[in-house]
Amino acid sequence: MRSAIGRVRGLGSAKEGTHHWWYQRLTAGANLLLMSWLLISIARQSSFDYAAMRMWMESGWVAIPMALLVVSVFYHFRLGLQVVIEDYQHDESRVVLMVLLNFFVIATGAVALFSIMKIALGAAA
Amino acid sequence: MASRNPARPLSPHLQIWRWGPHMLVSILHRATGSGMATVGTLLLVWWLAALAGGAESYATFRDVFTTEAGHLNVIGLVVAVGLTLSLFQHMMTGIRHLVLDTGAGYELKTNKTYAMATMVASVALTAIFWLVMGLN
C-alpha cells in the first residue's frame, strides 16, 4: 500500500511519467517565439536572392536563433510524430517506424545545423 | 506488443459523434503537424543545405518554386500557402491546447468559440503574411 501523495511523488517505476508531455509543451513555447521571429524576419526581407540570403544568415543574430529553431522544432515534431505512430500502429511496425523517425529527425537535424554553421562560420561555398 | 481480441466491444468512434468544430481543429492540429514534420522539414533542410552549398544549388532550389521573373510558380504557391496556413493553424490550435492545459475553456460554448477562432485566426494571419510579402 502506498499513500496517495507517495504515488504522486514516486512518478511510477519510470520516474519520468511527465517527461514527454512537458517537453512537448516546453518546445511548443520555444517554437512559438522562434517561429514568430522567423516569419517576421522573412516578411521584412527585401530580396531573397543568393547574396542577400547568405549575408542575412551569416549574422549571429540570425544563425543562432535559426539553429535554436531547428533544435526546438525538430525535438517537438519528434515527440509529436511519436504520438501519431503510437495511436495508429499496434504491432511490430510501431518499432520499425519509431526507429525510422529517430533516424529521420537526427539526419535532417544534422544537415540543417551543419548548413547553418557552414554559412555562419564563413566557409567558402 | 498489444494483441487485440476482436470480440471485445469498441468504444464509439468518429461516425457516432455529432461533428463539431472542436473535432475538426483536433484533427487539423494532427494533420498540419504531421505535414509540416515531413514535407516542411524536408523543404527547410533543402533550403538551408542549398544556401550553404553555393549559388548554383540555391538557384536549383529557387527555380523549382519560382518563375523566370522571380514570382512564385504553381508549385511555389501551393507549397508556400499550404505550409504557412498549416503553420498558423498548428500555432493557433497549439495555443488553444496550452489554454486547455490550464483547465480553462471546456464549457461547451467557450470551447466551440475557441475552436472556431483558431481557424479564423490562421486564415487571417496567412492572408496578412502574404500581403506583407507581396508588398515588399
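A helix here is a DSSP run of H or I at least four residues long, and helices are numbered from the N terminus. Keep that in mind for the opening stop. The model is predicted.

**Stop 1: B:His90**

Select B:His90. This residue lies in helix α3 of chain B. UniProt, in an unreviewed entry, places the feature "binding site" at B:His90. Is B:His90 buried or exposed? The relative accessibility is 16%, so B:His90 counts as buried, the cut-off being under 20%.

Now show what surrounds the side chain. Neighbours within four places in sequence are left aside here. From chain B, the contacts of B:His90 are B:His29, B:Thr32, B:Gly33 and B:Met36. From chain A, there is A:His76.

**Stop 2: B:Thr84**

Stay on helix α3 of chain B, where B:Thr84 also has its place. B:Thr84 is buried, with a relative accessible area of 9%. Draw a distance from its side chain to the backbone oxygen of B:Ala80: the value is 2.7 Å. Then turn to residues further along the chain. Which residues touch B:Thr84 once neighbours within four places in sequence are left aside? They are B:Thr126, B:Phe129 and B:Trp130.

**Stop 3**

Look at two of them in turn.

- Residues 69–88 of chain B: 75% helix and 0% strand, with end C-alpha atoms 28 Å apart.
- Residues 114–133 of chain B: 100% helix and 0% strand, with end C-alpha atoms 28 Å apart.

**Stop 4: B:Gly70**

Pick B:Gly70. This residue is in the loop between α2 and α3 of chain B. B:Gly70 counts as partly exposed, at 39% relative accessibility. B:Gly70 and B:Leu42 are 28 residues apart in sequence. In space, their C-alpha atoms are 22 Å apart.

**Stop 5: chain A as a whole**

How many helices and strands does chain A have? The count is 5 helices and 0 strands. Read from the N terminus, the order is α-α-α-α-α. Chain A has 125 residues, and 33% of them are buried.

Consider next the contacts in chain A with a separation of 6 or more. Of these, 69% are between residues 24 or more positions apart. Switch to a surface view. Chain A exposes about 7,600 Å², and carbon and sulfur atoms supply 70% of that area.

**Stop 6: where the chains meet**

Bring chain B back. The contact takes in 32 residues of chain B and 40 residues of chain A. About 3,000 Å² is buried between the two chains. Carbon and sulfur atoms give 75% of that buried area. Between chain B and chain A, 8 residue pairs are in polar contact, with both residues at pLDDT 80 or more.

Which elements of chain B give two or more residues to the side that touches chain A? They are α1 (21–53), α2 (55–65), α3 (74–101) and α4 (108–135). The most comes from α1 of chain B, with 15 residues.

**Stop 7: the salt bridges**

A search of the whole structure finds 2 salt bridges over all chains. The interface of chain B and chain A also gives a count of 2. Visit each pair.

Start with A:Arg25 and B:Asp101. Their side chains meet in a salt bridge, 2.7 Å from N to O. A:Arg25 lies in helix α2 (residues 19–44) of chain A and B:Asp101 in helix α3 of chain B, so this pair joins two chains. B:Asp101 counts as partly exposed, at 33% relative accessibility.

Move on to B:Arg30 and A:Asp87. Here the salt bridge spans 2.8 Å, N to O. B:Arg30 is in helix α1 of chain B and A:Asp87 in helix α4 (residues 60–88) of chain A, so this pair, too, joins two chains.

Note on methods
Residues numbered from 1 in each chain as written. Chains lettered and ligands numbered in written order. Heavy atoms only, no water. Buried < 20%, exposed > 50% of the residue type's maximum accessible area, 1.4 Å probe, protein only. Contact = heavy atoms within 4.5 Å. Areas by Shrake-Rupley, 256 points an atom, 1.4 Å probe, with all protein chains shown as cover. Buried area = accessible area lost by both parts, 1.4 Å probe. Salt bridge = Lys/Arg side-chain N within 4 Å of Asp/Glu carboxyl O. Polar contact = N/O pair within 3.5 Å; in protein donor to acceptor, adjacent residues only side chain to side chain. UniProt positions renumbered as here; feature names shortened; annotations may be inferred.
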